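Please keep the structure in view while reading.

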Amino acid sequence: MKKSTIWILAILMGLTFMGLLYVQISYMKNMIRMREDQFSEGVKRSLYAVTTMLEQDETRHFLEEDVAKTGSSLIFTQYNDEKLPQQTGIRYSFKTTSGVEADLMIKGDAEKINQIQVAQMDIKNHYKSIKEVLRGQYLYQKGLIDEVILNILNQASNRPMRERADSAVVSSYLRSEFDNNGLKLPFEFAIVNRNGGIIYSTSNYNQSAEDEGVFVQTLFPNDPSNKINYMKVFFPTKKDYIFSSVKFMIPSFAFTIILLIIFIFTIIVVFRQKKLTEMKNDFINNMTHEFKTPISSISLAAQMLNDDSVRKSPVMLQHISSVINDETKRLRFQVEKVLQMSMFERQKATLKLQEIDANAAIENIVHTFKLKVEKYGGQIEARLNAEDPIINVDEMHFTNVIFNLLDNAVKYRKEDVPLRLVVSSRNVSGNKLEISIADNGIGIKKENHKRIFEKFYRVSTGNRHDVKGFGLGLAYVYKMVHELGGDIHVESELNVGTKFIIVLPLNN
């Protein structure tokens, strides 16, 4: 798959996830806003009902007070039936103007009957007088109510607020109304005057809570403007109440984030696999180059052996034999380096630790590498000043580390300046051995110092196309130095040169 195709798929998937998150966030915001609007509406409705009930309570108070002062009486007229002689008579039924049916038993003779009929007319007349009395009472009560209204207008605002709106009553009314509107959560309230001074409040009411969303309702709005008081209510757990309505969205967000993480991880793996594929192709293409130097050295030594004068010189013969042996080792080291780097992905390296003389090992490496440096018209110098060079390392990996650093110096040399390599060793404080490899090559930019030891990372060489490799050399060096219990760092300046410094513990 082409890299551009991967990028297109990644961008499309990224936009899809961004759109999904945007929809979820927008939906959650709308849910929260609707919940807050419903909450506010319920609170306002409840507060209005509470203030209405307080006004009704105050009206009732003045009515009772006025009735207690004035008093009222109802005049009831009782009529007793006359005791009539126990005589036989007739029953007479009639209906009053109010619709009440009445029965009279008329007993006795005709004279008595006439007397009773006269009494009947008296009853009708008295009923009319009772209606007049009730009408007068109605007018009296109406005047009484008018008087109470005047008292409310003139005297109500002068009553102490603690009497007009008792704290226990207000709390009870609030709790009842909030429950009726489905707001079953704790609340705190305070009664304040027009200047913001608290007349009384609940024990947990906090003045600073007003910044968190307090609801305000005017008490007794018909009071004079200079005597207006307010009721303030806030809900400490309002946020939890609002959040409870959208908490079902949390799993959705969690799943979306998990999918996003998996997607990002997948894209990283795809790009890494793409890079590994390219590295594999580079490995196949550059393997010949990586092995060219040792093979060339062995081939050159073999050609020299065909010269009769060389074969007659024991010293030269020994030198050529040594070069062949060292280059063969180096060829094996190159193969081992690739195998070890693949192994490092799975487990720690298997080291065969032994005591070696670092000065002697470095001197042999320099002697072997001298032929390659001189091929490019350069010089290599060993300054082995360590008085105690004994270290406990894996000889093969230690040798390979030094070879890698020397090989990098040759790769990144300046074309117009003869290469100069200096390999030195010295003892430093803390019973450690310091080995440094310095060159006068093209150098490394400061911003690349921290990344040069990363696997597969290669510093850009500008217009130079002859520098090949896998980006494994310095990663291998870094890994092996730390496996051996040491440390490595670089000092470099662009167009000046590079110096790698290795610090290893001495074998005490």
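Of the 508 residues in the chain, 35% are buried. The model shown here is predicted, and every value below is computed from it. The chain exposes about 31300 Å², and carbon and sulfur atoms supply 55% of that area. Its secondary structure comprises 11 helices and 13 strands. Contacts also reach along the sequence: among those between residues at least 6 apart, 68% join residues at least 24 apart.

Consider now a sheet of four strands. Its order is E4-E3-E6-E5, the sheet is open, and its strands pair in an antiparallel manner. At the edges lie strand E4 (198-201) and strand E5 (215-219), each of which pairs on one side only. On average, neighbouring strands of this sheet are turned by 20° against each other, direction ignored. Within the sheet, strand E3 (residues 188-193) and strand E6 (residues 229-234) run antiparallel and are joined by six bridges. Along this pairing, Phe189 stands opposite Val233 in E6.

In the whole structure, a search finds 14 aromatic pairs. One of them is formed by Phe189 and Tyr200, with 6.4 Å from centre to centre and 85° between the planes. Why is this pair called edge-to-face? The angle of 85° is over the limit of 60 degrees, so the pair counts as edge-to-face. The two partners belong to distant parts of the chain: Phe189 lies in strand E3 and Tyr200 in strand E4, 11 residues apart.

Are these two residues buried or exposed? A residue is called buried when its relative accessible area is under 20%. Phe189 has a relative accessibility of 2% and therefore counts as buried. Tyr200, at 7%, is likewise buried. Both residues also belong to a cluster linked by ring pairs, whose members are Phe39, Phe178, Phe187, Phe189, Tyr200, Phe215, Phe235 and Tyr241.

Tyr241, a member of that cluster, has a further partner. The charged end of Arg35 sits over the ring of Tyr241, 4.7 Å from its centre. Another arrangement of a charge and a ring involves Arg413, which lies over the face of Tyr376 at 3.9 Å from the ring centre.

The backbone deserves attention as well. Phe220, found in the loop between E5 and E6, is not a glycine, although its phi is positive, at about 50°. Phe220 has a relative accessible area of 3% and is therefore buried. Asn495 is also a residue other than glycine with a positive phi, in this case near 65°. The place of Asn495 is the loop between strand E12 (487-493) and strand E13 (497-505). With a relative accessibility of 51%, Asn495 counts as exposed, because the limit for that class is over 50%.

Which residues does Met304 contact, leaving aside its neighbours within four places in sequence? They are Val310, Met316 and Ile320. Met304 and Met316 are 12 residues apart in sequence, and their C-alpha atoms are 9.4 Å apart in space. Met304 has a relative accessibility of 31% and so counts as partly exposed, since this value lies between the 20% limit for buried and the 50% limit for exposed residues.

Definitions and conventions. Residues numbered from 1 in each chain as written. Predicted model: local features only at pLDDT ≥ 70, side-chain atom pairs only at ≥ 80, totals over all residues. Heavy atoms only, no water. Pairing = 2+ DSSP bridges. Helix = DSSP H or I, 4+ residues; strand = E, 2+ residues; numbered from the N terminus. Axes fitted to C-alpha atoms, helices over the stretch in contact; angles between N-to-C directions. Phe/Tyr/Trp six-rings, centres within 6.5 Å; stacked < 30°, edge-to-face > 60°. Buried < 20%, exposed > 50% of the residue type's maximum accessible area, 1.4 Å probe, protein only. Lys NZ or Arg CZ within 6 Å of the ring centre and 35° of its normal. Contact = heavy atoms within 4.5 Å. Areas by Shrake-Rupley, 256 points an atom, 1.4 Å probe, with all protein chains shown as cover.
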